[in-house]
Amino acid sequence: MAAARVLLLLSGRPVSPSFVQSVCRLLGAGPGLGPWATHCGLKRGRLVLSDRPFPGASTRLPLQRPPFCPFVALDQQLRDRGAELPTNRGVDLGVAVILQSSDQTVLLTRRTRTLSVSPNLWVPPGGHVELDEELLDGGLRELWEESGLQLPQGQFSWVPLGLWESAYPPRLSWGLPKYHHIILYLLMVSQESQQQLQARIKPNPSEVSAFMWLGPDVAAAVAATEDGTETPRHLPQELPPSVLTVELAEDGGARPLALPVSTLLRTTPTTAEGKERVSSGTKFALRLWLQHLGRSPSDYSLRKRARRL
């Protein structure tokens, strides 16, 4: 087995979780939805996690999984199907960048339909952390590879937001999982405005088919749609009917496109399909971003009720 990218300290003992084991469960997560406060050591090319403080822990972050996380069910019910799952792999490490402009909008990209993993999903730029790569460097590299954006030193600040246990396929009803990651979400706050950043964006068409900038109000509505529940049938009146995106054309150009907000409010379906939506992990990251701004998805619900009075 390759060197462990995610290492757990359980009762002070280092443990490399296997591919089929739920990281949240190993760290003591109960049956609830979380998140669970987790002590983290952000090492070069590696993440060390524990449910209690340890020497070398640099921060404490919320860790969450979707309510339909397949690894919970695998832990509980499907040990006899272990032969169908990878036996020589552990849990991989990924990083995703929530890039905030100076005017408080964040960048999301839509993955191309041709990708084998998570096609047609709206996500922040991100991907695998390389061996011996600093986590911040990995985030900056993925941002550049997918969006063409390079953030000059001294013109941005950053902070780790949270951790997400990710599987693909995301539900057992789609099939047994082939990928298992812990995703570290990093918030990078640029000193440049959305307009300045957009002028420099050059998306990678092999990975990105569209991009958009999301403001706090729409982000709050998206983050408030919990996966595992039905998509709202009626769009809240306070939301705009659409948001402006930029879609990449086959000829290499780009064109503006009005994307219905209802598309962003879709939840993870029970059967495999390629419908455009925002990923579950991205909704979690948007909730953390709003909390960083001093807001939360519940603020949107409160404002909606206040307008009705």
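A search of the whole structure, which is a predicted model, finds zero disulfides, a disulfide being a pair of cysteine sulfur atoms within 2.5 Å. The sulfur of Cys-69 lies 6.7 Å from the closest cysteine sulfur, that of Cys-24, which is too far for a bond. Cys-69 is buried at 4% relative accessibility, and Cys-40 is buried with a relative accessible area of 0%. Here buried means under 20% relative accessible area, exposed over 50%, and partly exposed in between (1.4 Å probe, protein chains only).

Residues are numbered from 1 along each chain as its sequence is written. Local features need pLDDT of at least 70 and side-chain atom pairs count only at pLDDT 80 or more, while totals for chains, interfaces and linings use all residues; side-chain values use heavy atoms, with hydrogens and water left out.

**Aromatic pairs**

The structure holds three aromatic pairs. Rings of Phe, Tyr and Trp (its six-membered ring) pair if their centres lie within 6.5 Å; planes under 30 degrees apart count as stacked, over 60 as edge-to-face and the rest as tilted. Helices (H or I, at least four residues) and strands (E, at least two) are DSSP runs, numbered from the N terminus. Phe-19 is buried at 1% relative accessible area, and Phe-71 is buried at 0%.

The rings of Tyr-185 and Phe-284 also pair edge-to-face, since their centres are 6.5 Å apart and their planes are at 70°. Tyr-185 belongs to strand β11 (residues 179–190) and Phe-284 to helix α7, so the pair ties together parts 99 residues apart in sequence.

**Cavity and pockets**

On a 1 Å grid over the protein atoms alone, a cavity is a set of points where a 1.4 Å probe fits but cannot get out, and a pocket is an open set with protein on both sides within 12 Å along at least five of seven lines; lining residues have an atom within 4 Å of a point. Grid points are joined across faces, edges and corners, and a volume is the space filled by probe spheres set on the points. Ala, Val, Leu, Ile, Met, Phe, Trp, Tyr, Cys and Pro count as nonpolar, Asp, Glu, Lys and Arg as charged, and the others, Gly among them, as polar.

| Space | Volume | Lining residues by class |
|---|---|---|
| Largest cavity | about 100 Å³ | four nonpolar, three polar, five charged |
| Largest pocket | about 830 Å³ | 16 nonpolar, 13 polar, seven charged |
| Second largest pocket | about 200 Å³ | six nonpolar, four polar, one charged |

The search finds one cavity of 30 Å³ or more. Its lining includes Trp-164, Glu-226, Asp-227, Lys-283 and Arg-287, and helix α7 (residues 280–292) gives the most to this lining, with three residues.

The largest pocket is lined by 36 residues, of which Arg-111, Val-117, Ser-118, Ser-166 and Ile-183 lie nearest its centre. Strand β10 provides the largest share of that lining, five residues. The elements that each supply at least two residues include β10 (156–168), β11, α3 and α7. Among the residues lining the second largest pocket are Thr-112, Pro-203, Pro-205 and Glu-250.
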